[in-house]
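Please keep the sequence and the structure open beside you as you read.

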Amino acid sequence: MSAGVGVDLENLWIRFGDFVAVRDANVNINGGDFFSFLGPSGCGKTTILRAVSGFLEPSEGNVLIGGNNMKGIGPNKRPTALIFQNLALFPLMKVWENITFSMEIKGASSAERRKRADELLDMIALPDQGDKLPSELSGGQRQRVAIARALCAEPDVLLLDEPLSALDLKLRQHMRTELREIQKRVGITFIYITHDQGEALTMSDDIAVMRAGVIDQIADGKTIYNDPSTAFAASFVGENNVFRGKVKQVMGSEALITTNRSGDLVARISTANQGKMKEGDEAMMFIRPEAFAIAPDGATGDHFVTASVTHEEFEGNVFNIFTEGEGGKEIKVSIPNLGQSFESHTGQAITLEYETRNAVIVPAGELAAE
Amino acid sequence: MNTSFLRVSVWVYLAIFFAYLLGPLVIMSVTAFNSSEFPRATPWECLTFDWFSALFQDQRILNGIKNSLIIGLGTVVLSVAMGLAGALMLTQIWPKLRATYYTIIIAPILIPGVVLGISTLVFWDRINRFLGLGADSFLSNGIFLTVIGQSTFIASYCMLVLVARLQRYDVALTEAALDLGATHAQAFRKILLPFMRPAIASAAVLAFLASFENYNTTTFTFGEYPTLTIELAQKVRYGITPAISALAFIIVVLTVFFALLNEAGIKRKEVVAAARRQATVGEMTGKVRLPGFFTGNAAAVVLVVFAIATISVVGTATVYSPAQCIADVKEQKRLEAEKRIQELRKKREEQRKQREAEQAEQGEAQQSAPKPSNNSGFGNVFAPNTLSGEGEDDAPETDTDEQPSGGNGGFGGAFDPNSLQSPSD
């Protein structure tokens, strides 16, 4: 597998008038990686993509592709291909003409183009569909045509701007796998923009979590999920119960936190923040719903929380228990459905237990909007 | 009860509306086939196609059509190009200026055509003089001036049509083309222009029609190249013949034909698209069986009927000769006129005798009294001889049942039976 061409963003600032869309972004994307920018809409991730593809000149800083500074180089001269959010397939061209548009620009003969289109159509599992118009294809098929069209240009870097957001759930899940496979097969760098953490986690080698123009954390999916470095990353990626409080005592990589409503609890400090947190700091502790277990009644300690169950629901793979702790603190618990019998606790008081490694402390900060 | 009344009123309203809309066209079309010298539908004389041949022998009309076509094509090219440029500018311009820009570029539509005509003439005359060119230079050429003058406002119409389509254009398509390595020129030619093609075609048709029918701007700028509308206007001033109805009929027929053709084309595309959507992949690649041209396409059927009707009418026209009929009508008219003249003469004779008898009774004193007829204040204008050139058409109408009595004095001799003698003899 080829090493691929890396992309670097150096001190990248992008401003629109007074509005700062991207604030001092520094990212190194390894060649051949599947890299995702994950964030809510309006966080500046698409702006970064447009700066990489060349539709937008950064206000400050540099975009480097394969080590070459791209300043002043137009989108048609960059070794990138962009897959648009709405795909932007040319509506009046047949599928095969769409796919080989980049060859037509270079003056390739019709026969050559046809041959290449057939190869690519085979690759995306749409043989014999070349003579259709894009409007005659289904959403998933159009998706694949857009990918084939981008790949036909033989880019070093493929940029994808939320290409799956218009598809229904089943197709989206299918396309995730397919995209990842295509990426492994062609071995080029993919930069993927999404607000869907599921997409980012399943496909990416590395993920950058963005919030309001700022990159909060860059790490692989497992790290982002298990060891978030900011309150935003912790609350945006996956579900999390948040406990606000103050650090009472730091014990190496762990800390005791006095929560506002649930007493003193112990948790580990997230890796990025170790050594930076001290006693008295405002902090937030995150425990995922699936990290809780129901403990025997009466158990107390610094990793037990008592709460009363308000209602329960069955989601298929999990039972969700919605509880209310002291002072009306809402806590969600998910028990995996492994075929066990599940007795209802509605209206009862229960004790919840967690393991220290599953609770993480980060400095207090902005949470992701629900 | 109430609803049925409402329904009937709607139909009545529709009937009146369409009669108002299409009635004049129908009547005018009918006059093109009547042998009467003046365009009218009644009284019907003879079916004739002679007005069409008269039309195609009229050099001024033919020349007018030629000039109109040349100017129309020039205007189409100039207006569509300017309209497209204006429309593109509108999408690119800084948003705060957009409303102002739009107003400015739409303004020519609101300015009266005569003003545009005069200003075009004055403006280019100044330029011509400024450049020190003579009166026969290119800049004072009638065709050039008319094309420029008409385009000032027709370009705005084109822009409106093109903007409507351009608003549906996804800029991401141009970006996608650029991203795939196309230059801006290539993206324009290969992506934007094909997308705009239907609107460009509409704008071109609109521009051509607007140019073809324009009168008030052209009337100042045509110079030595009168267009069809100018020629028609000049003809109307000196009296019209059904040859103009024939021309109008041809225009109506062509309009209906192209409207049907267009409609049939659209319907056909819809049918094909529907068929393609329904067909599975296997059917599409295997035996592609598209439904016939006529399936569910009423417009196509009408079109074919229309074409057959046209061919049969033209075929009839080539072999049909109304000469006998026209001769019959002439003869009939002559006989009718003669008959009436005889009657009138008789009446006059009787009256004369009566008068003589009265005069004889009343004696000499009455002899100096003025005679009632031929003594009006209009002098000789309505003297019998002035009617002699009007032709026999008027004879049956003017002599209806008027009596040459004293009550006719105000009309001079117009209704004097003698006035009928010269044409009918």
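Which residue in β19(A) is the bridge partner of Ala295(A)? In this predicted model, that partner is Thr351(A). The two strands involved, β15(A) and β19(A), run antiparallel and are joined over three bridges.

Let's step back to the sheet they belong to. This open sheet of chain A has five strands in the order β15-β19-β16-β17-β18, paired in the antiparallel sense. β15(A) and β18(A) are at the edges with a single partner strand each, so one side of each has no neighbour in the sheet. Direction ignored, neighbouring strands here are turned by 50° against each other on average.

| Strand | Residues |
|---|---|
| β15(A) | 293–295 |
| β18(A) | 330–336 |
| β19(A) | 349–353 |

The largest nonpolar core holds 128 residues, and Leu159(A), Ile191(A) and Met285(A) touch the most other members. Helix α8 of chain B (residues 184–213) gives the most to this core, namely ten residues. Beyond its neighbours within four places in sequence, Ile191(A) is in contact with residues including Val7(A), Phe35(A) and Leu159(A). A second, separate core has eleven residues, among them Ala32(B), Leu55(B) and Ala243(B).

Finally, consider where the chains meet. Here 17 residues of chain A are in contact with 20 residues of chain B. On the chain A side, β6 (80–83) and α3 (101–105) each supply at least two residues, and α3(A) provides the largest share, with three. By class, this side has eleven nonpolar, four polar and two charged residues.

Notes:
Residues are numbered from 1 along each chain as its sequence is written. Chains are lettered from A and ligands numbered from 1 in the order in which they are written. This is a predicted model: local features need pLDDT of at least 70, side-chain atom pairs count only at pLDDT 80 or more; totals for chains, interfaces and linings use all residues. A nonpolar core is a set of buried Ala, Val, Leu, Ile, Met, Phe, Trp, Tyr and Cys residues joined through C-beta atoms within 7 Å. A residue is buried if 20 or more other C-beta atoms lie within 10 Å of its own, exposed if 12 or fewer, and partly exposed in between; C-beta atoms are placed from the backbone. Helices (H or I, at least four residues) and strands (E, at least two) are DSSP runs, numbered from the N terminus. Two residues are in contact if their C-beta atoms, placed from the backbone, lie within 7 Å. Ala, Val, Leu, Ile, Met, Phe, Trp, Tyr, Cys and Pro count as nonpolar, Asp, Glu, Lys and Arg as charged, and the others, Gly among them, as polar. Two strands pair if DSSP finds at least two bridges between them. Axes are lines fitted to C-alpha atoms, for helices over the stretch in contact, and angles run from 0 to 180 degrees between N-to-C directions.
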